[in-house]
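Please find below a colleague's note on the structure shown here.

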Amino acid sequence: MPSLLVIPLSFSDSRYLAFPPPAWSTRWYAAYFGAVEWRDATRTSFVAAILTMIIATVAGTLAAYSLHSAQSRFTRAIYATFMLPLIIPGILIAIGIFLLFARLGLNNTLTGIVLAHSVMAIPLVVITVASGLKGYDMNQEMVARSLGASRPWAFLTVTLPQIRISVISAALLAFITSLDEVVISLFIAGGENATLTRRMFNALRDEIDPTIAAISTLLILLSVVLLGLTQLLQRSPR
């Protein structure tokens, strides 16, 4: 309900956040699209989200495939290691990444943002793709390999097309994870590479600007659409 209340607030004509709005207007949407700093932050967030989606999807898919194929006594331990970013509190991960990136000179860089966001997104990709692999018969790949196909080629031409729905769903989740990430961004994103969520936090801290309500509404809409698309893909026939 608090999230839904943001939507009518974004159409308020008031300079302050007041519910119910005293008058209706789209001035804060115009303020968002017309401000250079908001556009720059949005561009940074979307570039980081796209790059994170690519890296996390590739790495997570390969990891899930390897764990599914190996089935060794160390598989569960390795899988649990991949899940650590979902278990450890985000603030602790953010502090650790900040201290590491400070040594490597990656703080306030797009590269650092993408790497940090990928750490948070890869576990979701592993879970989603691993779920898809559970319903896949590996004997089909074995047949392709017995006929002369190399393992990478058999994966690309036989396995990947049949788990593509899980991979696409995982990619969308990775994109959303990066776009909505705020805790890590507060530590490592800044200056010219400030993300949209970090700039929103700063604006909320310094001055309660109703523009934040407009941006929040757009982010909610985008997240709901992408999550809905993910559910539709997972339910569609393979």
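This is a predicted model: local features need pLDDT of at least 70, side-chain atom pairs count only at pLDDT 80 or more; totals for chains, interfaces and linings use all residues.

1. Local features are described where pLDDT is at least 70.

2. Secondary structure. The protein chain has 13 helices and zero strands. Read from the N terminus, the order of elements is therefore α-α-α-α-α-α-α-α-α-α-α-α-α, with helices as DSSP runs of at least four residues.

3. Along the principal axes, the C-alpha atoms of the protein chain fill a box of roughly 70 × 45 × 30 Å. The protein chain comprises 238 residues, and 43% of them count as buried. Among contacts with a separation of 6 or more, 70% join residues 24 or more positions apart.

4. The protein chain has an accessible surface of about 12,900 Å². Carbon and sulfur atoms hold 68% of that surface.

5. Helix H8, residues 139-146, packs against helix H9, residues 151-162, at an angle of about 145°. Their axes are 9 Å apart, and the crossing of H8 past H9 is right-handed. On the H8 side, the contact is made by Gln140, Glu141, Ala144 and Arg145. On the H9 side, Arg151, Ala154, Phe155, Val158, Thr159 and Gln162 take part.

6. Pro123. This proline has its place in helix H7, which covers residues 110-134. Is Pro123 buried or exposed? Pro123 counts as buried because its relative accessibility is 1%, and the limit for burial is under 20%. Beyond its neighbours within four places in sequence, Pro123 is in contact with Phe82, Met83, Pro85 and Leu86.

7. Ala174. Helix H10, residues 164-180, contains Ala174. Its relative accessibility of 0% is why Ala174 counts as buried. Which residues does Ala174 contact, leaving aside neighbours within four places in sequence? They are Thr52, Met53, Ala56, Ala121 and Val125. Ala174 and Pro123 are 51 residues apart in sequence, and their C-alpha atoms are 9.2 Å apart in space.

8. Thr75. Helix H4 spans residues 75-82 and includes Thr75. Thr75 counts as buried because its relative accessibility is 11%. Not counting residues up to four places away in sequence, Thr75 touches Leu67 and Ala70.

9. Ser14. The loop between helix H1 (2-10) and helix H2 (27-34) holds Ser14. With a relative accessible area of 14%, Ser14 is buried, since burial means a value under 20%. Setting aside residues up to four places away in sequence, Ser14 touches Pro22, Trp28 and Pro210. Ser14 and Ala213 are 199 residues apart in sequence, and the distance between their C-alpha atoms is 12 Å.

10. Asn108. This residue lies in the loop between helix H6 (90-104) and H7. What is the phi of Asn108? The phi angle is near 65°, a positive value in a residue other than glycine. Most residues other than glycine have a negative phi. Asn108 counts as partly exposed because its relative accessibility is 41%, and the class in question runs between the limits of 20% and 50%.

Definitions and conventions. Residues are numbered from 1 along each chain as its sequence is written. Side-chain values use heavy atoms; hydrogens and water are left out. Helices (H or I, at least four residues) and strands (E, at least two) are DSSP runs, numbered from the N terminus. Buried means under 20% relative accessible area, exposed over 50%, partly exposed in between (1.4 Å probe, protein chains only). Contact means heavy atoms within 4.5 Å. Accessible areas come from the Shrake-Rupley method with a 1.4 Å probe; for residues, only the protein chains shown count as cover. Axes are lines fitted to C-alpha atoms, for helices over the stretch in contact, and angles run from 0 to 180 degrees between N-to-C directions. A crossing is left-handed if the near helix is turned anticlockwise from the far one by less than a right angle, and right-handed if clockwise.
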